[in-house]
Amino acid sequence: MNALAGTSRNFRLASRLLGLDSKLEKSLLIPFREIKVECTIPKDDGTLVSYVGFRIQHDNARGPMKGGIRYHPEVDPDEVNALAQLMTWKTAVADIPYGGAKGGIGCSPRDLSKSELERLTRVFTQKIHDLIGIHTDVPAPDMGTNAQTMAWILDEYSKFHGHSPAVVTGKPIDLGGSLGREAATGRGVVYATEALLAEYWKAVKGLTFIIQGFGNVGSWVARLIHERGGKVIAVSDVTGAVKNQNGIDIPQLLKHKEATGSLTGFSGGDSLDPSELLVHECDVLVPCALGGVLNRENAAHVKAKFIIEAANHPSDPEADEILSKKGVIILPDIYANAGGVTVSYFEWVQNIQGFMWDEDKVNKELKRYMTQAFHNIKTMCQTHHCNLRMGAFTLGVNRVARATLLRGWEA
């Protein structure tokens, strides 16, 4: 089941639980605006190439739309649509005043030089500058884009609208980016995990963790779990997997990866078949990589008691059912990885005020938002007698529905 079908299914289930009016349900699914632009640029060798850029703005009932821009060869309107919709519910779960959007350009960033990427980003910005804005739609980095991409968008947008640092988030610190943004998603995952474990009178200290994916999110999760006395017993990424029953020395592993670019050959652990990682014995499993890694083939063999979805859509609906029957507690992606967008919101707030926070304040506020959101989800679970995924979806959908009704959607 693809991302769009999965998201729409969860939305429909939530809407049934909430007893939403069928017309309102239908209108909440329809995107506010879909933008498609052709971006033609000269390559370094002088030839002209054209790329298709998208921006899907899903809903703005609760505030300006917010979502990433990805540069990837398979930027497919269906997937962008699903991700825009997911952002609408995610921002509502975190209780930040945004709606959802998503965008991208169908290109392979690896095959483009830095100057070609800059030209492409600037042409894309020229085509959509009057449809994004501080109080309209605020883009952010995603797959294949980074702080530098945001700097180019900011510069190009500012040529038309004057200096506007709040038009994008995930910027370099020197241009109004927020401290703590780099670690935000991973740190949010850890705060979410702590909130969940506290429900079961447990703490990170002393539990065993397995982390799939060791990119930005996975490496921060590992580092922070390690600092809190949790035992990370196995880690994997595209280069391979490493395990150590007594707990991996994460700072050493980070040094090894920095030096060699790979997890293999690390002296502080044994190699492990990456496919066995997900079904290895542990207390908490944290998928931080791709979607769909837990499916009907492997779900029955998962031995973890808790699964924290740091990736988007790591478990497909069939896996969800199998795991629920086994009594595995799943903390859903729509909440677990909302730390990134929450700190993006802090960045936007700081830019609008023209007053920057120190990193301690960013982390303290992030913890407050993540903890509060968890308690709100638990309340929805109790009200509707449902699992955490439906608790999060009902919370998000209900907030958007209420805002839509208050604003008068039929007029």
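Modeller: K90 is part of helix 3, which covers residues 77-94; a helix here is a DSSP run of H or I with at least four residues, a strand a run of E with at least two, both numbered from the N terminus. The model is predicted, so local features need pLDDT of at least 70 and side-chain atom pairs pLDDT 80 or more, while totals for chains, interfaces and linings use all residues. Residues are numbered from 1 along each chain as its sequence is written, and side-chain values use heavy atoms, without hydrogens and water.

Colleague: Why does K90 count as buried?

Modeller: Its relative accessibility is 6%, and buried means under 20% (exposed is over 50%, partly exposed in between; 1.4 Å probe, protein chains only). K90 is therefore buried.

Colleague: What does K90 touch?

Modeller: Leaving out residues up to four places away in sequence, K90 touches N312, D333, I334, N337, A338 and V341, where contact means heavy atoms within 4.5 Å.

Colleague: Which residues does UniProt list for "binding site"?

Modeller: The unreviewed UniProt entry lists K66, K90 and S344; such annotations may be inferred rather than shown by experiment. They span 279 residues in sequence, but no two of their C-alpha atoms are more than 13.0 Å apart, so they gather at one spot. K66 sits in strand 3, residues 65-71, and is buried, at 1% relative accessible area.

Colleague: How many disulfides does the structure hold?

Modeller: The structure holds 0 disulfides. C288 is in none, with the nearest cysteine sulfur, in C282, 12 Å away.

Terms used:
A disulfide is a pair of cysteine sulfur atoms within 2.5 Å.
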